[in-house]
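Here is a short briefing to read alongside your model. Keep the viewer open as you go through the points.

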Amino acid sequence: MKFSLDCLHSWNLEPNQAVALQQSLRGRVRAEPFWDDVASIGGVDVGILNGMGRAAVVRLDYVSLQPLEVAVATEQISFPYIPGLLSFREMPVILKALEKLSGLPDVFIVDGHGIAHPRRFGIASHLGVILDKPTIGCAKSILVGSYQYLAEEVGSQADLVAEGEVVGVALRTRRGCKPVIVSVGHRVDLLSAVRLIMTTVRGYRLPEPCRLAHRFASRVSQHYDKDIKIK
DNA sequence: GCGACAG
DNA sequence: ATCTTGTCGC
Ligand SMILES: [Mg+2]
């Protein structure tokens, strides 16, 4: 771990305290053009089996999209699943996995929403603020808001609007598939976020960083661990 | 009060 | 998220 990882706050919170914390941190979120020279991209996801969480953080080469490093960590999940409070359930084990990474990627794509959230502070934004690193939210379904008229062609977009504001984009990443919902996490604006997602899609609905992180965090991988060691 | 509701 | 086989469409 060649980077600092200060938690900002405790994770031992009650749901009402978690909501208050989101309200106090939402002001730190930034949305700005992201044009840095990108060397590597990270994918983040969590799988759960019998109450045990397994986080996978994959760092891939930006050009080849080949995995450079995979960090996995497991931890008992304590916080319940409450829509709008996902980060309090998954972040602890994610941070544990991040500590095992030899270096941080230039930007993270997180499975879940960024500001397409009731309080504009979903898990992607939360991770970005904790690390003060660029993050993007890439969710498989809507938490808040709605969109319309999404064309069938790959690359088609439709604004996701919640309470009168554009909080994300429904993006068709694969023909015949439901779109993914892209939103600002931290330090990456929506335009840059959508571009980055499209450039990391390789024939599947999920962009490679998320697809790989999901594979390494999934139940299949967890079972696989029982027989074979994953480095 | 009722329904929606990331993973 | 997870429980789970086949089935339909691109
Ligand atoms: Mg997930």
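Gly137 stands opposite Ser183 in strand 8. Strand 8 and strand 5 pair in the antiparallel sense over 5 bridges; two strands count as paired if DSSP finds at least two bridges between them. Helices (H or I, at least four residues) and strands (E, at least two) are DSSP runs, numbered from the N terminus.

This is a predicted model, in which local features need pLDDT of at least 70 and side-chain atom pairs count only at pLDDT 80 or more, while totals for chains, interfaces and linings use all residues. Residues are numbered from 1 along each chain as its sequence is written, chains are lettered from A and ligands numbered from 1 in the order in which they are written, and side-chain values use heavy atoms, leaving out hydrogens and water.

- The open sheet has 8 strands in the order 3-2-1-4-5-8-7-6, with mixed pairing.
- Strand 3 (67-76) and strand 6 (157-162) stand at the edges with a single partner strand each, so one side of each is left without a neighbour in the sheet.
- From one strand to the next, the twist averages 25°.
- Helix 4 (residues 190-199) packs on the sheet, and the strands it touches include strand 1, strand 4 and strand 7 (165-171); contact means heavy atoms within 4.5 Å.
- The direction of helix 4 makes about 10° with that of strand 7, where axes are lines fitted to C-alpha atoms, for helices over the stretch in contact, and angles run from 0 to 180 degrees between N-to-C directions.

**Helix 3**
- In helix 3 (residues 123-131), 9 of its 9 residues are buried, meaning under 20% relative accessible area (1.4 Å probe, protein chains only).
- Its cover includes helix 1 (15-25), helix 2 (86-98), strand 1 (40-49) and strand 5 (135-139).
- Asp132 follows helix 3 and has a positive phi, near 50°.

**DNA strand B**
- DNA strand B is surrounded by 18 residues, the closest being Tyr81, Gly84, Lys140, Ser141 and Ile142; a residue is near the strand if one of its heavy atoms lies within 4 Å of it.
- Of the atoms of DNA strand B that come within 4 Å of the protein, sugar and phosphate account for 51%.
- Helix 2 gives the most to this surface, with 3 residues.
- A polar backbone atom of Gly84 is 3.0 Å from a base nitrogen of DNA strand B, and a polar backbone atom of Leu86 is also 3.0 Å from a base nitrogen.
- For Ile123, one of the buried residues of helix 3, a backbone N or O atom lies 3.3 Å from a base nitrogen of DNA strand B.

Note on methods. Buried < 20%, exposed > 50% of the residue type's maximum accessible area, 1.4 Å probe, protein only. Polar contact = N/O pair within 3.5 Å; in protein donor to acceptor, adjacent residues only side chain to side chain.
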